[in-house]
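Take a first look at the fold before reading on.

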Amino acid sequence: MTHGIRTDTHTSYLDGGGTWRDTAGRYALLPLRIFLGVTFLYAGLDKLMDSAFMKSSGAGSIGDTMRAVRDSSAIPALVDLALKSPVGFGYAIAFGELAVGLGTLVGLLSRLAALGGALISLSLWLTVSWSTDPYYFGNDLPYLMAWLPLILAGAPVFSLDAALRARRRRGGGYL
């Protein structure tokens, strides 16, 4: 007697068949992906458009913000590194947020984009919002946790990653 999966009753997850629960499972991360993508895209654009933010000092500047959180951060050395060139650090964060947001929204290199988002959120949690008490009032830790499912699952639907995967499966090869 042979044991195995009965292929005549098995519905593949990838072929679009199945119940409403299967469909809900396929699309479950889409709202999170849209929210994080739009939020990080907006955050990056907001930093680039704010003339006060991209300065070494002054009200609302990245430099003053970093100096204000230096002594209360979990890793003051990380803040010191940013303070060597606060404007450069501000641009790095802004362009990083843009890349993460865009990659997440279109689903291109989605796991890498999610990892980038998690690293940005982690660095902000360890520096800017570390001293928030109680910890759940700070927003960077929930953002860090929100990135984890996207790191694990990627962007399985409505994404360039999924389109490229489907093309490779059909034998079209790489772009």
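The paragraphs below go through salt bridges, a charged patch and some backbone angles.

This is a predicted model, in which local features need pLDDT of at least 70 and side-chain atom pairs count only at pLDDT 80 or more, while totals for chains, interfaces and linings use all residues. Residues are numbered from 1 along each chain as its sequence is written, and side-chain values use heavy atoms, with hydrogens and water left out.

Start with the salt bridges. A salt bridge here is a side-chain nitrogen of Lys or Arg within 4 Å of a carboxyl oxygen of Asp or Glu. How many salt bridges does this rule give? The count comes to 4.

Take Lys47 and Glu97. Their closest N and O atoms are 3.1 Å apart. Are Lys47 and Glu97 buried or exposed? Both are buried. Buried means under 20% relative accessible area, exposed means over 50%, and partly exposed lies in between (1.4 Å probe, protein chains only). The areas themselves come from the Shrake-Rupley method with a 1.4 Å probe, and for residues only the protein chains shown count as cover.

Now move to helix α3 (residues 62-69). Asp64 and Arg67 both lie there, 3 residues apart, about one turn of the helix. Their side chains meet in a salt bridge of 2.9 Å, N to O. Asp64 counts as partly exposed because its relative accessibility is 31%. Arg67 is also partly exposed, at 40%.

Next come Arg70 and Asp80. Their salt bridge is 2.7 Å, N to O. Arg70 sits in the loop between α3 and α4 (76-83), and Asp80 sits in helix α4, 10 residues apart. This pair also links distant parts of the chain. Salt bridges that share partners join Arg70, Asp71 and Asp80 into one network. Arg70 is partly exposed at 27% relative accessibility. Asp80 is partly exposed too, with 29%.

Which residues form the positive patch? They are Arg111, Arg165, Arg167, Arg168, Arg169 and Arg170. Patches are made of residues with over 30% relative accessible area and no salt bridge, with like charges joined within 9 Å and nonpolar side chains (Val, Leu, Ile, Met, Phe, Trp, Tyr) within 5 Å. Lys and Arg count as positive, Asp and Glu as negative, and His and the chain ends are not counted. The place of a charge is NZ of Lys, CZ of Arg, CG of Asp or CD of Glu. Helix α8 (residues 160-169) gives the most to this patch, with 4 residues. Arg165 is found in that helix. At 33% relative accessibility, Arg165 is partly exposed.

Finally, look at the backbone. Most residues other than glycine have a negative phi, and most peptide bonds are trans. Leu109 has a positive phi, near 50°. Leu109 lies in the loop between α5 (86-106) and α6, and is exposed at 54% relative accessibility. Phe158 has a positive phi of about 50°. Phe158 is in the loop between α7 and α8, and is exposed at 59%. Which form does the peptide bond from Asp133 to Pro134 take, cis or trans? The bond is cis, with omega near -5°. Pro134 lies in the loop between α6 (110-127) and α7 (140-153).

Notes. Helices (H or I, at least four residues) and strands (E, at least two) are DSSP runs, numbered from the N terminus.
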